[in-house]
Amino acid sequence: MARDRYYYEVGGAIREEAAPRRRRQEEQEQPRKQQKKGKSYDKAAEKADLSRGFDFRYTLVLVFMIGVAIAACAIMITVHEKVESKEVQIEALQEKIKNIEDDNIAVENKLDGMYSLEDIYTIATGELGMVYSENGSILYYDQEQGDYVKQYGDVPKTTE
């Protein structure tokens, strides 16, 4: 063993190296050659050989995962199409609402311009026989309960 050691000098210190590289490589190659010649392999070498290839379980899991990915993509596409169709329906309904609001504004403007206050006064006094209230013709009642007053008889003509 002492003969296999070599010394070399780096800088000012002498260091010891276990063996030259060429000899180590030759020593490592010899057991490999002997193993390959024999029928038995190392268990680690067998596991390494098995782990390199595709086995049935790995292939089955891979096919399953690809199927799941394709199904997820198909579901996503159908949901996206439904969302787009709902957006189109929403836009159509918003357009209808806008048209109806425009029609309502037009009808309100038409109704506002249809009768003036003078027209209402002439119809009320001429056709319906209504008159303006005079001083003392308005009677006030104390309200005991509720939001309205029920009238069970004629209003008395006396003024207070």
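**Surface labels and their cut-offs**

Analyst: The protein has an accessible surface of about 16,500 Å², and 56% of that belongs to carbon and sulfur atoms. Such areas come from the Shrake-Rupley method with a 1.4 Å probe; for residues, only the protein chains shown count as cover. This is a predicted model: local features need pLDDT of at least 70, side-chain atom pairs count only at pLDDT 80 or more, and totals for chains, interfaces and linings use all residues. Residues are numbered from 1 along each chain as its sequence is written, and side-chain values use heavy atoms, without hydrogens and water.

User: Why does Ile-120 count as partly exposed?

Analyst: Buried means under 20% relative accessible area, exposed over 50%, and partly exposed in between (1.4 Å probe, protein chains only). Ile-120 has 47% relative accessibility, so Ile-120 counts as partly exposed. Ile-120 lies in helix H4. A helix here is a DSSP run of H or I with at least four residues, numbered from the N terminus.

User: What makes Glu-91 exposed?

Analyst: Its relative accessible area is 52%, therefore Glu-91 is exposed. Glu-91 sits in helix H3.

User: How many of the protein's 160 residues, in percent, count as buried?

Analyst: Of the 160 residues, 1% count as buried.

User: What share of the protein's contacts between residues at least 6 apart in sequence join residues at least 24 apart?

Analyst: That share is 0%. A contact means heavy atoms within 4.5 Å.

Terms used: Helix = DSSP H or I, 4+ residues; strand = E, 2+ residues; numbered from the N terminus.
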